[in-house]
Amino acid sequence: MTANRQGPTIHGPVQDREHDAADCCGCDKGALLRAPAAARKHDHGHAHDHDHDHDHTHDQGEDRSARAESAATAAAGSASGELRWTSLRIEAMDCPTEERLLRDALGRVSAVENLDFNLMQRLLRVQHRFDSIEPLQKLVASLGMQAEPLDENAPASAPPARPKPWWPLALGAVAAAASEFFEWFAIGPQWLVAALAVAAILGAGLPTYRKGWIALKNRNLNINALMSIAVTGAMLIGQWPEAAMVAVLFAIAELIEAKSLERARNAIRGLLQLAPEQATVQVDGQWQEVSAKSVALGARVRVRPGERIALDGEVLDGRSSVNQAPITGESLPVEKQVGDTLFAGTINGESALEYRVTRVADDSTLARIIHAVEEAQGSRAPTQRFVDQFSRIYTPVVFLIAIVTALLPPLFFGGAWLDWVYRALVLLVIACPCALVISTPVTIVSGLSAAARLGILIKGGVFLEMGRSLEWIALDKTGTLTEGRPRQTDFTALWESAAGDVRALAASLAARSDHPVSHAVAQAAEADNVALYSVGELTALPGRGVKGEIDGRTYHLGNHRLVEELELCSKELEARLDALEQQGKTVIVLLDAQGPLALFAVADGVKETSREAVAQLHDLGVKTLMLTGDNPHTANAIGAQVGIDEALGNLLPEDKLREVKQRQEGGKRVGMVGDGINDAPALARADIGFAMGAAGTDTAIETAGVALMDDDLRKLPSFIRLSRQTHRVLIQNITLALGIKAVFLALTLTGEGTLWMAVFADMGASLLVVFNGLRLLRYRG
Ligand SMILES: Nc1ncnc2c1ncn2[C@@H]1O[C@H](COP(=O)(O)OP(=O)(O)OP(=O)(O)O)[C@@H](O)[C@H]1O
Ligand SMILES: [Zn+2]
């Protein structure tokens with residue numbers, strides 16, 4: 001994952017139009033919440049719709065690109081250098097409007113190869129051939145923004161935005177209100193009304209004008225440009241108080257919106273702050289407080305009772321209970337003793353612990369989670385793609401209607417110019433799809449953050465949206481439904497072997513395998529102090545068992561399938577196997593070249609939470625299926641214990657894959673939960689692959705579609721409920737945003753709609769959808 005952070009893997013070429021959402025209005029708030037690398041390989045479901053919509057910023061032809069190019073190269077000379085990445089922090093880049101501008105301007109420069117926007121963090125990474133970063137800074141400056149170079153080791157989290165002075169806006173608001181007041185009650189001369197309005201526009205609207213002007217210069221019709229045109233137009237037709245109100249309302253709404261988006265940002269920064277900055281480290285026998293970031297691998301760290309753990313590590317000394325909720329979402333504290341794993345960000349309980357650092361701060365499980373959440377935000381959910389596409393058509397269409405409205409009735413039907421121009425201006429305000437575009441990412445980001453806090457790591461909006469439509473969930477048995485810590489319950493010697501004690505033979509093989517069944521056999525032997533033989537070459541036989549050489553003879557240890565394949569089975573053996581399997585036990589057989597030598601039965605307890613999780617899934621209308629490599633008898637016995645719909649045993653990896661495929665027929669969605677390698681193909685094939693107990697394993701966090709940080713299966717129904725709620729909020733938001741627009745379109749065309757009402761409605765809708773989306777942050781499972 002560090003490779004992701006530093007490696008130049010990121011984006012397609014700059015010219016890839018696919019990522020330019022809602023070009024026309026430019027208020028692609030979607031991108032605002034888009035984290036790095038919108039098109040990374042993780043971007044599942046990223047239907048590469050290379051439709052290359054030609055928006056109007058596209059057709060300026062060669063001369064402008066040439067100009068930008070020469071401006072850049074003239075600025076600081078040569079671009080002969082090697083291709084490299086530079087990170088820039090652009091403080092003013094907190095709106096997709098700016099992304100649009102930057103993308104257009106930088107994309108035209110041939111020395112720039114790739115752009116990677118992270119608006120959440122206000123970061124822009126550029127891959128370029130310039131010898132210095134000066135030309136880049138000049139280019140950014142020409143768009144009215146400032147770029148600070150950032151060294152790669154600096155914290156990636158965005159610093160809090162600098163507060164803007166509030167008083168110009170406040171004065172503007174007062175002036176606008178006064179202007180409206182005087183006009184309404186016809187007090188004072190008209191020039192006073194106009195003067196107050198101009199004062200209001202200067203106070204509240206200047207930033208908008210400035211941004212609008214830059215956008216227009218770059219032939220980009222974004223929200224600032226639309227608003228600037230609307231305000232100017234209103235002044236030109238003598239609607240002074242209206243112009244003032246539009247400017248002030250827009251500024252206020254922008255402010256509130258920025259604040260709410262800050263909240264969505266903070267949801268992730270909040271996660272970051274879980275790990276303390278300082279750690280108590282042993283240096284030359286002394287305990288010292290040092291910055292957690294500087295602590296090296298292997299260092300000995302102490303954590304006091306009640307303190308948060310600063311780094312991932314392994315307990316060296318002490319015994320305590322640790323609240324792991326921040327990472328795994330599980331509310332009960334977990335007992336920790338020597339040898340156990342600790343996670344940065346979790347909270348130590350009643351007594352002090354000393355531990356050895358196993359991961360540096362930037363590489364901790366917590367850091368990986370945060371990185372994964374950020375990345376998940378970078379991939380677009382299906383609804384978002386739809387909304388972006390819709391708004392790409394929507395803005396120009398409404399813009400056209402506005403032009404037609406301004407011109408047609410006065411020219412051909414004797415309409416009053418002022419009247420119809422005014423209506424056209426109102427339409428300009430409506431032309432901005434802001435509310436619609438912003439509604440989806442805010443909702444998705446809130447959902448992703450809420451899930452992360454519950455210990456459910458969703459690797460993209462796609463999965464969050466898809467969860468609600470899962471029809472089947474397939475579960476692996478060992479370690480998923482069961483504890484995964486089987487114990488040996490029965491041992492039967494069938495034969496006195498010439499080569500020695502059969503138990504020792506089996507345990508010697510078993511000790512070399514990390515399969516839970518083997519592990520149980522080895523453990524039982526160890527507990528009884530059985531001395532082991534040294535084993536020559538050992539081969540794992542997936543889905544069957546192991547094979548190894550002891551004293552020049554070959555032995556097999558494995559299941560019924562293996563015995564059959566060796567053609568060493570018999571009716572008596574099968575009867576014995578059956579009897580044990582009927583009790584829900586797993587049986588393996590030790591064999592030499594002549595036949596079976598001994599039987600070992602192991603039993604694995606069902607997790608307390610499994611039954612409840614399965615019941616909750618059924619309540620949600622999701623069907624459950626158990627897929628296991630273990631024998632069908634055991635499969636059925638365990639299946640009955642947890643109340644599963646269907647239990648299938650004796651499956652090899654390809655059989656599990658086949659079962660998943662089969663249930664997907666007819667476009668049905670199937671999720672799969674598993675851990676072992678024998679599940680990998682099925683997991684990959686499933687619509688959503690769930691990994692469990694991901695907190696300890698990196699690959700799970702990185703490869704699964706959804707990673708459950710601990711192994712509590714109740715996170716599955718919780719995820720599905722969250723997905724359903726997310727969907728409801730999305731639908732509400734889209735309906736709200738479009739509904740308000742539709743009402744206003746009608747009002748305006750019939751002459752009822754006024755400018756400030758339109759701004760009010762538009763921004764009101766934006767705020768409503770943002771707040772509605774943020775509600776998901778409070779989801780508690
Ligand atoms: N290394 C091994 N040692 C002992 N037995 C093994 C080994 N590998 C496989 N087996 C036997 O083969 C069976 C199937 O193994 P497999 O790994 O496919 O599934 P599993 O881990 O038992 O169950 P699940 O599919 O639910 O994870 C096991 O139940 C066990 O009886
Ligand atoms: Zn048989």
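Four donors count as tetrahedral if all angles lie between 85 and 135 degrees. In this predicted model, the four donor atoms around the zinc ion (ligand 2) subtend angles of 102 to 115°, and the arrangement is therefore tetrahedral. The protein donors are H560 through NE2, E564 through OE, C569 through SG and E574 through OE, lying 1.8 to 2.4 Å from the zinc ion, and along the chain they follow the spacing H-x3-E-x4-C-x4-E.

The largest nonpolar core holds 42 residues, of which I458, I473, F690, V706 and L716 touch the most other members. Helix α26, spanning residues 715-749, contributes the largest share of this core, with six residues. Leaving aside its neighbours within four places in sequence, F690 is in contact with residues including L470, I473, M672, V706, L716 and F719. Another core, of 39 residues, lies apart from this one and has A215, A225, A431 and V759 among its members.

The unreviewed UniProt entry annotates residues 191-209, 393-418, 424-451, 729-749 and 755-777 as "transmembrane region". For two of these segments, the secondary structure and the separation of the end C-alpha atoms are as follows.

| Segment | Helix | Strand | End C-alpha atoms apart |
|---|---|---|---|
| residues 191-209 | 100% helix | 0% strand | 23 Å |
| residues 755-777 | 87% helix | 0% strand | 34 Å |

Technical notes. Residues numbered from 1 in each chain as written. Chains lettered and ligands numbered in written order. Predicted model: local features only at pLDDT ≥ 70, side-chain atom pairs only at ≥ 80, totals over all residues. Heavy atoms only, no water. Core = buried A, V, L, I, M, F, W, Y, C linked by side-chain atoms within 4.5 Å. Buried < 20%, exposed > 50% of the residue type's maximum accessible area, 1.4 Å probe, protein only. Helix = DSSP H or I, 4+ residues; strand = E, 2+ residues; numbered from the N terminus. Contact = heavy atoms within 4.5 Å. UniProt positions renumbered as here; feature names shortened; annotations may be inferred. Donors = N, O, S within 2.8 Å, 3.2 Å for Na, K, Ca; no water. Tetrahedral: all angles 85-135°; square planar, octahedral: opposite > 155°, others 65-115°.
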